[in-house]
Amino acid sequence: MASETFNHYYLIASGVPGGTITLGAVNNPVGGTDLVETTADSDGINGQTEVENAILAFGSQRTLAGFTATGDPIVLVTTGPDTYYVFSNDGGLSGSISSSNTGTYLYCFAAGTGIATPEGEQAVETLCAGDLILTAQGQTTPVKWIGRQSVSTRFGPAERLMPVRFAARSLGKGLPHADLTVTADHGMLVEGVICHAGALVNGTTITRVPLLEMGETYTVYHIETESHEIILANGAPAETFIDNVSRRVFDNFAEFEALYGDVPEMEELPYPRAMSARQVPQAIRARLAGTAAA
C-alpha cells in the first residue's frame, strides 16, 4: 500500500474543503504521522487514493476530503460534528488558506522528453509498443505500452498538478543533458534511491513549472516495459511504469486492456524510495544543493 509521512498536522478551525479554510494550532507528532492507502479504497485503484475515498490516518480508517492550494492533504477525521485535519511538512502554516475538494496524482514524462534507444534519443510521445529502448545499464528492452494522460489545470490543487523541471546538469555529472520535465511523483534514480521529483525541488535548478506555462490542459506519457526498469530520459536515470498506480488513470487504458487483459502485479526494483523531501537522504540533498549553487 502507498503511504506518505508528515511531520505536522493542523485542525481546521473553520470552513470545509472546497473553499476557504482557517487553520488552528499545529501539532508535531513524534516521528511523523503516516497517511496510508487502504484496501477499502472505493475506487479500486492500487497506489492512489482519490478525494472522498478511504485512507488510514492515526491508525484508523478516515476519508480523504481534499487538498490545500499547495497540495497538502485534508482528512476528515471524525464526523458529527465533522473534524478535518490538514497534514503537512510545513510547520509554519497559519490563518486562512484556500482549498480544493478534488485532487490527482500523476507519474509521467512531459511531451518532448528524449528517451534513449539503440538508434539514439526518441521523443517519448513518438514511441510505440514493440519499440526498443535502452535501460540505464545499456541493455535493450521493448516498450510494452505507452500510457497517455490529459491533465486539466483548471481543477485540483495547483501543486499536485504542477510538473517538476530539472534544469540541465541539475542532477550532477552533466545530467540531464537538457531540461527535463516530469510529473511530481515520477521517480528519478539518484545515488541508488528512487526519489520522487517533487521531493527533490530546491527552488533553483529543480523547480515546479507554473500552471500558466502549461496552459489549460497538457498531456503526459508513461512508458511500461515488461519489468520495472530504470531508463534514460534526457540522459537522466528515471523509472518506467510500476503498477502501484493503476493503468486506469490513463486516457488510453482501454488500449492496454484490449492488448493484454489482466496481468500479474509487477515486481518493483530493489531500490529504496523517497516520496517526500524528508525521506531524501541528507547526502543527496546536500549534493544537489551544491549543484544548484555551482
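## Loops with cis prolines and positive phi

P176 belongs to the loop that runs between strand 15 (164–166) and strand 16 (180–182). The model is a predicted one, and in it the peptide bond leading from L175 into P176 is cis, with omega near -10°. That loop between strand 15 and strand 16 also carries K173. K173 is not a glycine, yet its phi is positive, near 55°. With a relative accessible area of 86%, K173 is exposed.

Another cis peptide bond is worth a look: G80 and P81 are joined by one, with omega about 0°. Here P81 sits in the loop between strand 7 (73–78) and strand 8. For a further positive phi, turn to E191, a non-glycine residue with a value of about 50°. E191 is in the loop that connects strand 17 (187–190) and strand 18 (193–196), and its relative accessibility of 48% makes it partly exposed.

## Aromatic pairs

How many aromatic pairs does the structure hold? There are 10. One of them brings together F6 and F87, whose ring centres are 6.2 Å apart; the planes meet at 55°, so this pair is tilted. F6 is part of strand 1 (residues 3–6) and F87 part of strand 8 (residues 83–88), so the pair ties together parts that lie 81 residues apart in sequence. F6 is buried at a relative accessible area of 3%, and F87 is buried too, at 0%.

F58 and Y85 make an edge-to-face pair, with 5.9 Å from centre to centre and 70° between the planes. F58 is in the loop between strand 5 (54–57) and strand 6 (60–68), while Y85 is in strand 8, so this pair ties together parts 27 residues apart in sequence. Through ring pairs, F6, Y9, F58, Y85 and F87 are linked into a cluster.

Y260 has the charged end of K144 sitting over its ring, 4.8 Å from the ring centre.

## Nonpolar cores

In soluble globular proteins, nonpolar side chains tend to be buried together. The largest nonpolar core here has 31 residues, and the members that touch the most others are F109, I115, F166 and I223. Setting aside neighbours within four places in sequence, I223 has contacts that include F109, I115, V124, L127, I133 and V143.

## A buried serine and the cysteines

S99 has its place in strand 9 (residues 96–100) and is buried, with a relative accessible area of 12%. What does the side chain of S99 reach? At 3.0 Å there is the backbone nitrogen of G18, and at 2.7 Å the backbone oxygen of G19.

As for the cysteines, a search of the whole structure turns up zero disulfides. C128 is partly exposed, its relative accessible area being 44%, while C195 is buried at 0% relative accessibility.

Conventions
Residues are numbered from 1 along each chain as its sequence is written. This is a predicted model: local features need pLDDT of at least 70, side-chain atom pairs count only at pLDDT 80 or more; totals for chains, interfaces and linings use all residues. Side-chain values use heavy atoms; hydrogens and water are left out. Helices (H or I, at least four residues) and strands (E, at least two) are DSSP runs, numbered from the N terminus. Buried means under 20% relative accessible area, exposed over 50%, partly exposed in between (1.4 Å probe, protein chains only). A polar contact is a pair of N or O atoms within 3.5 Å; within protein, one must be able to donate a hydrogen and the other to accept it, and residues adjacent in sequence count only if both atoms are side-chain atoms. Rings of Phe, Tyr and Trp (its six-membered ring) pair if their centres lie within 6.5 Å; planes under 30 degrees apart count as stacked, over 60 as edge-to-face and the rest as tilted. A charge sits over a ring if NZ of Lys or CZ of Arg is within 6 Å of the ring centre and within 35 degrees of the ring normal. A disulfide is a pair of cysteine sulfur atoms within 2.5 Å. A nonpolar core is a set of buried Ala, Val, Leu, Ile, Met, Phe, Trp, Tyr and Cys residues joined through side-chain atoms within 4.5 Å. Contact means heavy atoms within 4.5 Å.
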